[in-house]
Amino acid sequence: MPQQVQGVVAPGRDEPVCVETITVPDPGPGEAVVRVQACGVCHTDLHYKQGGISDDFPFLLGHEAAGVVESVGDGVSDVVPGDFVVLNWRAVCGRCRACLRGRPWYCFDTHNARQKMTLGDGTELSPALGIGAFAEKTLVAAGQCTKVDPAVAPSVAGLLGCGVMAGIGAAVNTGQVGRGDTVAVIGCGGVGDAAIVGARLAGAAKVIAVDVDARKLDIARTMGATHTVDSRTADPVEAIREITGGFGVDVVIEAVGRPETYKQAFYARDLAGTVVLVGVPTPDMTLELPLLDVFGRGGALKSSWYGDCLPSRDFPMLIDLHQQGRIDLAAFVTETISLGEVEKAFARMHEGDVLRSVVVL
């Protein structure tokens, strides 16, 4: 039978979010209902609330989540009721040209649940990134459920569902940081700090954190940054070159998603260096670069989708590293909150007061 649960809904562009009663249908073929235990407050949810991703209101927000599978539909065999899972928003299809070429992290036909969750009056909800996990329960495609060790706290495990995976993957998977490399990370929020963790995990010799907020630079040092640059008072390109003997770094990870910071990343790398864009721009943003500079500096300009991760491979691996003490996922959790505090969490995020607020249910 369909279930009535509480969830956080964004009713319209820039309107305050509210807790509403929503209807979660029974899972159909290939679907699963998950009892959500924790969900991080990600900047992407704020983008949805502001209408920066689409106008398909009302949205059921939340996507960076972990929980327990409650029920599954026909044809589901990879997960069963009782499995502890991290939800992912790129459930690979296994059939598209990327998957068939052995590159499923580039899957061009990722899928979500076919059925819609609704408000009490029948209004269909658009789940953020196909998940909608600021809710007591949510309906997803079964492929969006990745089993991990249930010994890990849900508030920690859920972070792999988006921001931490995006940042670590930007360094390890997309940027392919290697032993002895020099790395700069522009923008030290949750994703940027995760990129710092990933760069150190990969063996980078120098990791330079760049931000306009001294508080964030302090946190970046605790995450593994060897150097910091306050770009309010210093030209980040010149500062990065000075730290690297005048050359620039091997890999620059741009975790802001703005044209001006992307240009800084472009010019802060060494010849034949790599730029990785993991910050999400808005639809109105454009970029202009001299084509001769693009040609003359060589290297690679990459975008990182979800850290180019394969959830079935990467989520369990990172949980294992956390349990071994090699990465500290718990360091990303600033506070735990209730569903009714999500709007306040957005305000704290905007002010730079938190690394991650996590809704715990």
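The side chain of E254 comes within 2.8 Å of the backbone nitrogen of G257, a polar contact (a pair of N or O atoms within 3.5 Å; within protein, one must be able to donate a hydrogen and the other to accept it, and residues adjacent in sequence count only if both atoms are side-chain atoms). The model is predicted: local features need pLDDT of at least 70, side-chain atom pairs count only at pLDDT 80 or more, and totals for chains, interfaces and linings use all residues. Residues are numbered from 1 along each chain as its sequence is written, and side-chain values use heavy atoms, with hydrogens and water left out.

E254 belongs to strand β14, residues 249-254; helices (H or I, at least four residues) and strands (E, at least two) are DSSP runs, numbered from the N terminus. E254 is buried but has no salt bridge, and R258, the nearest side chain of opposite charge, is 8.2 Å away. Buried means under 20% relative accessible area, exposed over 50%, and partly exposed in between (1.4 Å probe, protein chains only). A salt bridge needs a side-chain nitrogen of Lys or Arg within 4 Å of a carboxyl oxygen of Asp or Glu. Lys and Arg count as positive and Asp and Glu as negative, while His and the chain ends are not counted.

Across the whole structure there are 12 salt bridges. One of them joins the side chains of E70 and K137 at 2.7 Å, N to O. E70 lies in strand β5 (residues 64-72) and K137 in strand β9 (residues 137-141), so this pair ties together parts 67 residues apart in sequence. E70 is partly exposed at 29% relative accessibility, whereas K137 is buried at 15%.

Another salt bridge, between R215 and D353, has an N to O distance of 2.9 Å. R215 is in helix α6 (residues 214-223) and D353 in the loop between α11 (342-350) and β18 (357-360), 138 residues apart. R215 is partly exposed at 40%, as is D353 at 42%.

The structure also holds 5 aromatic pairs. Rings of Phe, Tyr and Trp (its six-membered ring) pair if their centres lie within 6.5 Å; planes under 30 degrees apart count as stacked, over 60 as edge-to-face and the rest as tilted. F57 and F59 are edge-to-face, 4.7 Å centre to centre with 65 degrees between the planes.
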